[in-house]
Amino acid sequence: MSTASTGTGSATALRQVADLPCPRGLPLIGNLLQLEPTRLHQILERWAEELGTPYRFQVGSIPITIWTDTELIQSIMRERPHRYRRYQPIESVFDEMGANGLFSSEGVQWESHRRLVMQALSIPNIKAFYPTLADITQRLRARWLRAAERGETVEMTDDLKRYTVDVTSALAFGEDPRTLEQDHGAIQEHLERILPAVMGRINALFPYWRVFKLPSDRKLDQSLAEVHRYIDSMMARARARMRDEPSELPRNLLEAMLVQQQQHDGESISDAQIRANVLTLLLAGEDTTADSIAWTLPYLAADPALQTHLGEEARRVIGDAPVCPDYATLKDLDIFEAIAIEATRLRPVAAVHSFEPLEDVVVDNVALPKGTRMFFVARPAMVDAKNFADPQRYDPWRWMRKGEQAEQAGAHDVRAYLQFGAGPRVCPGRHLATVEMRLALSMLMNEFEIELAIDPAQIKEVSAFTMVPDTMPVKLRKRVR
Ligand code: HEM
């Protein structure tokens, strides 16, 4: 057995996966019936509290190991793609949906996609794209001003997803679907069916949908067909633009992929791969960013003094402009990123990350055969006083303190905040995401006071591949100055 070692191996006897503690389950099916998919992250967190880390649970005869130690996970994330990969069902489930792009692919295919996507989401590209980004943020503002005037309650999870879909499409594919200006029938309504279905299928005991389809599977098929049609027409329009208005360099990711295809006579990147990458970016950029912003809102709604402060701060930086006027000014909006980062420390949108080793390894003195399933549960480390002082308190200022002030405030270990992952597969969209946070939240606080339309205790965390709020109804009142 070739054994690679990761993390804190010690002189104590090697443990096997079967030696790890396991919650009590049933014969043959193990813990399967306890695994409510929409609450998976909370169930795993509760077991971590009861059993410590690492532990395992059983789906039939298959053990799944659970880890919460961020040092270990950091090193596992860094040892990709050669020693660890994403959990295998992620690739097969995305592949079946025609979405096996950068997030789910592995090996050589991953490497070539990664280069293209990194280039498309690079800081210089986002800087050049800023006027469009500001324009889309103004449309979000117009939508919210309308709602405030009419006294309507805004379902923020919906509006924010429209915002992120418009941004990602305009940046990466050179086309703005303007979902913010539509009421129904927007492509985003089909997109939002996909990730919850991925979640259910990745964790299913057997792939029943290959044998028979439930009504929800048929709805998913319809949505996938709709999304693929939409992407195909976008590809056709991009080809026409490249023919009719040629440019020396590709103007966006879609054009870069189409150029790569032409250069290699279609051999190195197929239409299906381009389509999969387009869909990947739409999915990866939508929920994560929208829900990180949405999770910030209950904390603001609960603290009128913080809202007043943020309103003054937004006015100081933005002045009378409707949104942050230029890219350079974004650097003065640190607090608007901090309020979202702090919210996702307590409400992690990336609540569970999953891996498996590509060879036999030893991790924390546990022998893990090749292919052992490993889930990393993110929240325990982020609410551990060892990593963050007074960890249950929503305190965005902890991300702003520097030098002596930071030292006096106590623990603040940013390595325990793994919301964007780490290592070679770290999220390539993180810069775009934080720019969106700064822009949308500064506009919101500059223009409005917000109030939740329901008791915050009624808002549920749902595991839907990312961890999303089931609803975020907000009342907006125009700020009086
Ligand atoms: C707050 C917002 C976001 C969060 C919390 C987030 C989180 C993550 C996480 C945890 C990963 C896995 C990282 C790893 O395995 O080490 C990831 C990967 C990825 N993200 Fe994001 N993301 C966000 C926004 C975005 C945006 C805006 C885009 C693009 C428009 C994007 C595109 C991707 C892609 C393509 C991958 C796959 C990278 C790879 O496997 O090489 N993400 N993201």
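F448 has K478 of β14 as its bridge partner. The model is a predicted one, in which local features need pLDDT of at least 70 and side-chain atom pairs count only at pLDDT 80 or more, while totals for chains, interfaces and linings use all residues. Residue numbers start from 1 along each chain as its sequence is written. Helices (H or I, at least four residues) and strands (E, at least two) are DSSP runs numbered from the N terminus.

β11 and β14 (residues 473-478) pair in the antiparallel sense over five bridges; strands count as paired if DSSP finds at least two bridges between them. The two belong to an open sheet of three strands, ordered β6-β14-β11 with antiparallel pairing. Its edge strands, each pairing on one side only, are β6 (153-155) and β11 (448-452). On average, neighbouring strands here are turned by 40 degrees against each other, direction ignored. Axes are lines fitted to C-alpha atoms, for helices over the stretch in contact, and angles run from 0 to 180 degrees between N-to-C directions.

Across β6 and β14 lies α6, running at about 55 degrees to β6. α6 (residues 156-173) also packs with α5 (residues 123-150) at an angle of about 160 degrees, their axes 10 Å apart. That makes the pair roughly antiparallel, the label for angles over 145 degrees, with under 35 roughly parallel, 65 to 115 roughly perpendicular and the rest oblique. The crossing of α5 past α6 is right-handed, meaning that the near helix is turned clockwise from the far one by less than a right angle. F129, T132, L133, I136, L140 and R143 of α5 meet D159, Y163, D166, V167, A170 and L171 of α6, with contact taken as C-beta atoms, placed from the backbone, within 7 Å. By class, this contact has eight nonpolar, one polar and three charged residues. Ala, Val, Leu, Ile, Met, Phe, Trp, Tyr, Cys and Pro count as nonpolar, Asp, Glu, Lys and Arg as charged, and the others, Gly among them, as polar.

Then there is the ligand. Its shell holds 28 residues, the closest being G285, T288, G421, C427 and G429; a residue is near if its C-beta atom, placed from the backbone, lies within 6 Å. Elements giving two or more residues are α4 (107-120), α10 (271-301) and α15 (430-447), and α10 gives the most, with seven. The shell has 16 nonpolar, 10 polar and two charged residues.

The axes of α10 and α15 come within 10 Å and cross at roughly 40 degrees, so the two are oblique to each other.

Conventions. Two residues are in contact if their C-beta atoms, placed from the backbone, lie within 7 Å.
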